[in-house]
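This report concerns the charged, sulfur-containing and nonpolar side chains of one protein model. Please consult the sequence and structure shown here.

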Amino acid sequence: MVRLRKFVSLPITIILLFLSPPDSSVSSSDSEKNCTECHPDYFKNLSAKNLHKPFKEKKCLECHIFHGFDNRQVLAGTVSQVCSYCHNLLDEIPPDALHYPLTEDYSCVECHNPHSSDNRDLLKLPGSMVCLECHDAPPTKGLTFVHPPYADITCTECHAPHGSTFGTMFQMPAGYLCASCHPQILNGEEPPRLHSADDIHSCDRCHLGHTSEYRKLLSNKTPELCLGCHDELNNLIKQSLPHSAIEIEGCVACHTPHFIKDRSSLILKTPGLCFECHSEIQGFTDMEYPHAAVEDGCETCHDPHIQLSDDEKAELCVNCHDIEDGDFQKRHLNLTPSFCFSCHDPHGSSEEKLLKINQHPPFMERECESCHKQQEKSELRNDSLCLDCHDQPEPSGGHKASSVADLACIDCHSPHASNRNSLLR
């Protein structure tokens with residue numbers, strides 16, 4: 001009786017706990033009462049800006065199980081199981097494409113607070129600052145070009161925080177991702193027509209995503225960047241004198257780097273593109289006698305990537321003109337021309353046969369013997385030949401004695417024809 005009297009004197013709530021069998025299906029009201037009484041510190045966070053819905057509604061048993069007098073927090077399963085019950089965003093991401101924290105039992109709590117936070121999405125730190133807990137920010141000091149999202153530490157502008165099947169955890173394929181902020185790249189066309197060396201439309205083949213010492217966040221300067229994929233041009237340019245446009249501006253002087261309009265992705269069609277820099281040539285092509293080859297395009301005679309040597313220029317014309325032909329030889333007084341451009345303009349002329357506009361009188365009258373001797377090479381570098389018709393120039397103006405002492409007349413003047421005054425070359 002004494003024992004029973006002592007037992008009855010205990011508070012009724014404790015007596016009921018001893019007498020009642022354990023029941024895992026504790027009601028929501030019992031749970032709320034028990035959790036708030038024993039874990040008051042957690043519920044101080046109800047004043048935070050963002051609250052996890054079960055926590056806000058004090059439905060602790062949505063994630064935890066009732067633990068009786070064992071004073072510890074017990075989840076209703078693994079972190080993976082508890083979070084994925086409501087958040088199934090990971091279902092479509094293969095395990096090998098998950099972001100590292102999630103490979104460890106889907107450890108959402110590495111980045112998110114499970115109850116409340118002053119940051120969006122219940123993140124432990126503001127914005128993408130949580131990313132810097134694991135990822136060191138590459139230094140930007142001394143680098144001229146920084147991608148704005150990187151400078152603002154907004155990693156999720158480009159990267160998927162939970163995982164991705166695209167490279168570098170991108171939200172979508174790089175071409176589509178970049179075009180979402182840079183729509184002018186597409187020019188109204190579909191991303192599959194973007195330039196890509198490996199046909200996966202990857203902007204990151206040429207651009208860096210965070211910082212660079214080169215403009216447009218390029219991974220290298222041009223033309224070296226382009227030549228890294230275009231091996232055939234790399235070998236050609238190394239063996240020859242490159243087109244000056246390549247040396248000054250790189251490949252983008254003539255080619256569109258992003259959108260593929262045709263096989264060569266030229267900014268403009270030729271010869272219009274060439275006239276952008278070589279406007280003086282357009283004047284000759286508009287003359288009465290344009291060179292037929294120009295109408296077929298500049299590439300008929302020119303390689304757009306390299307400059308022709310003098311020997312190559314001399315051999316160029318024989319690709320179309322038969323210098324062994326009888327009529328050709330007759331027109332050239334049975335002399336084999338060594339360099340066609342000394343008399344003819346390769347683009348166009350107001351004179352027949354593409355002859356240059358200003359012509360040396362003996363050449364104009366076809367009096368070649370005035371300067372040349374048949375069957376014998378004349379000593380053309382002997383200025384006495386020129387002085388037979390021309391007075392010795394005064395050592396003034398363009399003929400200062402110090403500047404022409406080691407030069408012959410033909411070093412500066414063409415003996416046949418020129419488009420410049422005074423037959424200047």
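The sections below treat salt bridges, cysteines and surface patches in turn.

The model is predicted: local features require pLDDT of at least 70 and side-chain atom pairs pLDDT 80 or more, whereas totals for chains, interfaces and linings use all residues. Residues are numbered from 1 along each chain as its sequence is written, and side-chain values use heavy atoms, with hydrogens and water left out.

**Salt bridges**

A salt bridge is defined here as a side-chain nitrogen of Lys or Arg within 4 Å of a carboxyl oxygen of Asp or Glu. The structure contains two of them, listed in the table.

| Lys 59 | Glu 57 | 3.3 Å |

**Cysteines**

A disulfide is a covalent bond between the sulfur atoms of two cysteines. The criterion applied is a pair of cysteine sulfur atoms within 2.5 Å. By this rule, zero disulfides are counted. Cys 251 takes part in none, and its nearest cysteine sulfur, that of Cys 226, lies 3.6 Å away. Cys 251 is buried, with 17% relative accessibility. For Cys 277, the closest cysteine sulfur belongs to Cys 254 at 6.7 Å, which is too far for a bond. Cys 277 is exposed, with a relative accessible area of 58%.

**Surface patches**

Patches consist of residues with over 30% relative accessible area and no salt bridge; like charges are joined within 9 Å, and nonpolar side chains (Val, Leu, Ile, Met, Phe, Trp, Tyr) within 5 Å. Accessible areas come from the Shrake-Rupley method with a 1.4 Å probe.

A patch of negative charge on the surface brings together Asp 310, Asp 311, Glu 312 and Glu 315. Of these residues, Glu 312 is located in helix H16 (residues 310-316); helices are DSSP runs (H or I) of at least four residues, numbered from the N terminus. Glu 312 is partly exposed, with a relative accessible area of 37%.

Phe 166, Met 172 and Tyr 176 make a nonpolar surface patch of about 240 Å². Phe 166 lies in the loop between helix H8 (148-151) and helix H9 (174-179), and Phe 166 counts as partly exposed at 34% relative accessibility.

Technical notes:
Lys, Arg positive; Asp, Glu negative; His and termini not counted. Charge placed at Lys NZ, Arg CZ, Asp CG, Glu CD. Helix = DSSP H or I, 4+ residues; strand = E, 2+ residues; numbered from the N terminus. Buried < 20%, exposed > 50% of the residue type's maximum accessible area, 1.4 Å probe, protein only.
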